[in-house]
Amino acid sequence: MNTDYFPPTLAIHPVDHISMAETALQQPMEPIILPTLMARAPSRVTLHLGHLPSKKDIKAPWPRTPSRVDPNNPPWPAYRGYHEYSFAHATMGVRLPTILGKAIDDASRTLNEQYAEDKIVDLVECLERMDALMADLSGNAKLRPIVDDGEGDVALWNKEIAKFFQGKDFMNAPWLFAEAYKYRRLHECFSVSKYWHHYDVFYRQKCDTFSRSTDAVFELSMRFADPFKQPDNMSDKEKAESERLMFLELTQVCLWGNSTDLSLLINMTEEQIKSLQSTGGDHLAATEKNILGNHLNQLWETVKVLREKTGGRIDFVLDNAGFELYCDFVYADFLIQTGLAKQIRFHGKRYPWFVSDVTRKDWDWLLNTMVYGHLFPKASEAERESLRRLGARWKQYEKDGRWQYEQHPFWCTGYTFWDLHSEAPDLFLHLSRSDLVYFKGDLNHRKLTYDCAAPASIPFDIAIGPMASAAGAPKICSLRTIKSDVVVGLGDNGDAIAERLDKEEPGWKISGKYAVVLLSEGRPGEKVRFA
């Protein structure tokens, strides 16, 4: 065998149904070259495959099977920062550096207010760590492990990075994880310090936004300052219908209160905030048509029977501080007063998270400001009194144990809620004992659905995976104004609805104009089991 021989390269080109015999006849005869003369490379051979089957349009098998799902490989394709068609690209490239820049400005302002040298030096070091984070974010650095700062989530973070994100950077890791990682790194800038461990770079923003919510705040306080009571001259049937209608309206108040998200509305004017926070009945009737996935009536059927239960426990996994938390309180107050719930547990964050998420400090600030504060100098005495009454009643709920604030470390990790059952079994067991769990806002919805490109027609209980299918999974309601790419639960025509909106209203997924109220029945009452 001639060791210098290499087989010819095959270039395959389709032709217009001409047989190989016909093709051969049309070609000029090649001279016969003896093997001893083959010093040059062989000529290209072209095969014409006109009689073979046509190539098929083969689509990837989605969703992934459960055994193939992990944080870097969601059930459907993940959104990543380099995807220019997605909101992930704008977030990682523009929004997050802008938010971090404002956080640095806030810390610098605080630095200029200090007089003790040791605190000044300590805060300067925090600012240096923030500058390093900005360099990593802007330079698309690799994701390094979290420094052990004593927080309860360090092991969870570093296990996830080691198992799924070695070598990944801010832009090619899934958007949800990369964004959460940025906020965890921001917390680390302060958590390793001596004096500034609990410093909140977003605290001023949160307080300021609530102070500019005057109209909406008093719209609600003037209506609900006194305990809720049905008129005596109403029949039982009329009372039941009145309660149903009030529940539906207050659910919408709780839903649309999510419009005030500081991470998205960085430069919003006061008039724009007022428009988003309008809570009048006419406004709510007009906005219900924008609830694309609407399980409001099923939600009422679920809640109305809770009065008959001995427990009657409802949980809220909170989203934003300020006005949204205020709306959550109004809603929870109604549930307590009507007996639809006997106990409500609120789940917040252990430290500042995604700009405006609720921390214990935000919770205490709101209640105490309502009772003792002077946040609204232009308010009438009647308006201020209505706010004081509300705040006093809500503080009493907390003293009585009917309202409880909790902050599990899992809420501030990079894991989605598909992994809650495996990574935080104690929290899953705790939630399984609730009669209904509300997940508020866009971030919680992204974590429920793995923040991936699932079709809009996929049912909500399929999209949230183990949070619906695991034994003991509680009933779950997601109240979410749509502010990011993932959209599910729109019904059988959901894909057509999404395609129409894509054409008619580009950007509809991030405008906050549309919302979903989605319910999963779960598997309540079944014994919770862990592998």
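1. The model is predicted, with local features requiring pLDDT of at least 70 and side-chain atom pairs pLDDT 80 or more, while totals for chains, interfaces and linings use all residues. Residues are numbered from 1 along each chain as its sequence is written, and side-chain values use heavy atoms, with hydrogens and water left out.

2. There are 8 cavities of 30 Å³ or more, a cavity being a set of points, on a 1 Å grid over the protein atoms alone, where a 1.4 Å probe fits but cannot get out.

3. The lining of the second largest cavity (residues with an atom within 4 Å of a point) includes Phe218, Met370, His374 and Arg388. The helix α14 (381-400) supplies at least two lining residues, as does α13 (360-372), and the largest share, 3 residues, belongs to α14; helices here are DSSP runs (H or I) of at least four residues, and strands (E) of at least two.

4. The whole structure contains 0 disulfides, defined as pairs of cysteine sulfur atoms within 2.5 Å. Cys412 is buried at 0% relative accessible area, and Cys452 is buried at 1%, where buried means under 20% with a 1.4 Å probe and protein chains only.

5. Thr338 sits in the loop between α12 (323-337) and β5 (343-347) and counts as buried because its relative accessibility is 10%. A polar atom of the Thr338 side chain lies 2.7 Å from the backbone oxygen of Phe334.

Key. On a 1 Å grid over the protein atoms alone, a cavity is a set of points where a 1.4 Å probe fits but cannot get out, and a pocket is an open set with protein on both sides within 12 Å along at least five of seven lines; lining residues have an atom within 4 Å of a point. Grid points are joined across faces, edges and corners, and a volume is the space filled by probe spheres set on the points. Buried means under 20% relative accessible area, exposed over 50%, partly exposed in between (1.4 Å probe, protein chains only). A polar contact is a pair of N or O atoms within 3.5 Å; within protein, one must be able to donate a hydrogen and the other to accept it, and residues adjacent in sequence count only if both atoms are side-chain atoms.
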